[in-house]
Amino acid sequence: MKIKKFEIGPLFVNCYILYDEDTKEAVIIDPGDEPDLILDFIKEEGLTVKYIICTHGHFDHIGAVKEIKDDTGAKVLLHEKDTEIYRNSPQVAEQFFGIEIEPQPEPDELIEDGKTITIGKSQLKFIHTPGHSPGSMSIYIDGYIFTGDTLFAGSVGRTDLAGGSMKDLLNSLKKLASLPEETVVMPGHGPKTKIGYEIKTNPFYHEIV
């Protein structure tokens, strides 16, 4: 499985494209902005996008979903507990950040904890990791965990937005800590890290009893 990362939009979201070199099947995680950049790469590599995965419903992670779905026909996946945030994202973006995004298409499938999908020879597993938002998800594949805004290098996502909960987030950190220490963390913002390193150094892990 190959991974391509783009840092996109005014809030510098990490958008990831995961693809199988043999079958050319792909998924896009968190296409928050700059759809032309993402689609150009898809076309250059000759990829078939099966799924668009939103780790959560905040506007900076979903702003390019419509244009990419319209172009590729891919299915949009979102956790069921983030549907309201997802639907309200255009109003929130304009009201609080002065950013305009168009309404996004309804999800094709609402994901639950433990759901798996297959891309090429690899299986992706969804892990419900609420706290930053009620329906925040992390995606595990081949030794990598894509954590959205749940876990960052040295920090975590904010919990003061609608539906946020520090208690839930700390429980989600516990869940992620059960992964092998060498698991590479691919967050929604900032650089990659490893689970073992975060357990030892991230101050939020020190709050877990």
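Predicted model: local features only at pLDDT ≥ 70, side-chain atom pairs only at ≥ 80, totals over all residues.
**Exercise 1. Exploring the largest pocket**

How much space lies in the largest pocket, and which helix gives the most to its lining?

*Solution.* Step 1. Begin with the idea: rolling a probe the size of a water molecule over the atoms shows where empty space is left.

Step 1. Read off the volume: the largest pocket holds about 460 Å³ of space. It is lined by 17 residues, and H58, F59, V92, F97 and L161 are the closest to its centre.

Step 2. Turn to the helices. Helix 2 (59–62) and helix 4 (83–97) each provide at least two lining residues. Helix 4 gives the most, with 7 residues.

Step 3. Sort the lining by class: 8 residues are nonpolar, 5 are polar and 4 are charged.

Step 4. Not counting residues up to four places away in sequence, E94 touches I99 and E100. The C-alpha atoms of E94 and F59 are separated by 9.8 Å, with the two residues 35 apart along the chain.

**Exercise 2. Inside the nonpolar cores**

Which residues touch the most other members of the largest nonpolar core?

*Solution.* Step 1. The largest nonpolar core has 24 residues, and I17, I28 and I38 touch the most other members.

Step 1. See which elements build this core. At least two residues each come from strand 1 (2–8), strand 2 (13–19), strand 3 (25–29), helix 1 (35–45), strand 4 (48–53), helix 3 (65–72) and strand 5 (75–79).

Step 2. Zoom in on I38. Leaving aside neighbours within four places in sequence, I38 is in contact with I8, C15, I17, I28, P31, D33 and I68.

Step 3. Another core, of 18 residues, lies apart from this one; Y51, L77, I111 and L124 are among them.

**Exercise 3. A residue in strand 8**

Is F126 buried or exposed? List what F126 touches.

*Solution.* Step 1. F126 is part of strand 8 (residues 122–128).

Step 1. Its relative accessibility is 1%, so F126 counts as buried.

Step 2. Not counting residues up to four places away in sequence, F126 touches I53, L77, I111, E112, D113, G114, K115, I117, M137, S138 and I139.

Step 3. For a distance, take V184: this residue is 58 residues from F126 along the chain, and their C-alpha atoms are 16 Å apart.

**Exercise 4. Two partners at helix 6**

Where does N202 lie, and which residues is N202 in contact with?

*Solution.* Step 1. N202 is in the segment after helix 6 (195–201). With a relative accessible area of 0%, N202 is buried.

Step 1. Leaving aside neighbours within four places in sequence, N202 is in contact with L151, F152, G154, S155 and Y197.

Step 2. Exposed means over 50% relative accessible area. Y197 reaches 52%, so Y197 counts as exposed.

**Exercise 5. Reading a record**

Which residues does UniProt list for "domain: Metallo-beta-lactamase"?

*Solution.* Step 1. The unreviewed UniProt entry lists residues 12–189 for this domain.

Step 1. Over residues 12–189, the chain is 28% helix and 31% strand. The end C-alpha atoms of this stretch are 7 Å apart.

Notes: Residues numbered from 1 in each chain as written. Heavy atoms only, no water. 1 Å grid on protein atoms, 1.4 Å probe; cavity = no way out; pocket = protein on both sides within 12 Å on 5 of 7 lines; lining within 4 Å. Points joined across faces, edges and corners; volume = space filled by probe spheres on them. Helix = DSSP H or I, 4+ residues; strand = E, 2+ residues; numbered from the N terminus. Nonpolar A, V, L, I, M, F, W, Y, C, P; charged D, E, K, R; others polar. Core = buried A, V, L, I, M, F, W, Y, C linked by side-chain atoms within 4.5 Å. Buried < 20%, exposed > 50% of the residue type's maximum accessible area, 1.4 Å probe, protein only. Contact = heavy atoms within 4.5 Å. UniProt positions renumbered as here; feature names shortened; annotations may be inferred.
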